[in-house]
Amino acid sequence: MSSVGGAGPGAAAAGAGPGTRKVFIVGCPRSGTTWARSILRSHPLVIAPADETHVYDELYEPIVTRGLGSAARQYILSRYDGRPIGEDLGLHLLVTRDALVELLERAEASGRPMPDAAEDVIAAVLEGFIVGAEATSGRVFVEKTPSHILHAQRILRRFPEARIVEVLRDGRDVCVSMQHRAAEAAWVPKSRDEQIRRWVEAVQFGMGVRATPEAAGRWHVFRFEEAKHDPWRAIAELFTFCGLPFDPVLVDRVTASTDFSRVAYAGDGQMFRRGAVGDWRTDFNEADVALFARLASETLVAAGYDL
């Protein structure tokens, strides 16, 4: 396992980056994506940035909507410098500022349509990071940004070697987790209807992409409740899907080291809370139950949960 800073724009030309398997962990925030990432980062063949990169949010959306002119590049760089999504999150985990400037200028000069140019920049950023990490045969690159579920089909089309791990959790427990995290994190929606909407959007989008030809054999649902009930099996299945070799000793070690009881800073308001299943039964009031049923009952049942 390693976590390495960004490489220069020419690094991808060395050839190691494009052939390295890429695994993207996605899903609704507060579903357990950080837990899944911790599990994969515990494998010795995994290379990964230190935290969420939001590479598609920070590059694809701005380039497609704003273009690649000087004003658009300045917008991207101002976000890179200002880090509005958090000091420990963002593009700086993948690429240096100078390298990013060169990649943006090169993309503008290419004359490619903006969606293609945006994907070119993202591919170069990811591959530069992988080469900078000195990835060798058998290494797997893992990136976790929950919102990348909205780009999952794009990811699968651009990277034939890519696989998607979708973390799925009962939306009612997701709302409870959001409710407690909102006390410490400004990005978390505080209203129950917005919490529900976020979960429904992510789950419905995931179900839609999961049914496409691109996702066949390349999409794994890491169901939170099943993983809590039988973590050993869930971890072994996750490693198998990602093409990571393992033996019982490794799975035993990862199961123990990533158990919620081992997290030093956990509890209400923290990144890791309790990891409980069914908290909504005590935290939801009657109005919450009715609102969730009205806004999300169909999605809940389609996702495999009981009302």
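In the predicted model, the largest nonpolar core comprises 65 residues, and Leu59, Leu100 and Trp199 are the members that touch the most others. The leading contributor to this core is helix α6 (residues 114-132), which supplies ten residues. When neighbours within four places in sequence are set aside, the contacts of Leu100 are Leu59, Ile76, Leu77, Tyr80, Leu91 and Val95. Another core, of 26 residues, lies apart from the largest one; Ala48, Val140, Phe222 and Phe224 are among its members. In soluble globular proteins, nonpolar side chains tend to be buried together.

Over the whole structure, the search identified three cavities of 30 Å³ or more. The largest cavity has a volume of about 50 Å³, and its lining consists of Glu58, Arg79, Tyr80, Arg83, Ile85, Leu89, Gly90, Leu91 and His92.

For the second largest cavity, the volume is about 40 Å³. Gly27, Cys28, Ser31, Ile149, Glu166, Val167, Leu168, Arg169, Trp199, Ala202 and Val203 form its lining. Two or more of these residues come from each of the elements β4 (162-168) and α9 (192-210). By class, seven residues of this lining are nonpolar, two are polar and two are charged. Trp199, which lines the second largest cavity, is also one of the residues that touch the most other members of the largest nonpolar core.

Key. Residues are numbered from 1 along each chain as its sequence is written. This is a predicted model: local features need pLDDT of at least 70, side-chain atom pairs count only at pLDDT 80 or more; totals for chains, interfaces and linings use all residues. Side-chain values use heavy atoms; hydrogens and water are left out. On a 1 Å grid over the protein atoms alone, a cavity is a set of points where a 1.4 Å probe fits but cannot get out, and a pocket is an open set with protein on both sides within 12 Å along at least five of seven lines; lining residues have an atom within 4 Å of a point. Grid points are joined across faces, edges and corners, and a volume is the space filled by probe spheres set on the points. Helices (H or I, at least four residues) and strands (E, at least two) are DSSP runs, numbered from the N terminus. Ala, Val, Leu, Ile, Met, Phe, Trp, Tyr, Cys and Pro count as nonpolar, Asp, Glu, Lys and Arg as charged, and the others, Gly among them, as polar. A nonpolar core is a set of buried Ala, Val, Leu, Ile, Met, Phe, Trp, Tyr and Cys residues joined through side-chain atoms within 4.5 Å. Buried means under 20% relative accessible area, exposed over 50%, partly exposed in between (1.4 Å probe, protein chains only). Contact means heavy atoms within 4.5 Å.
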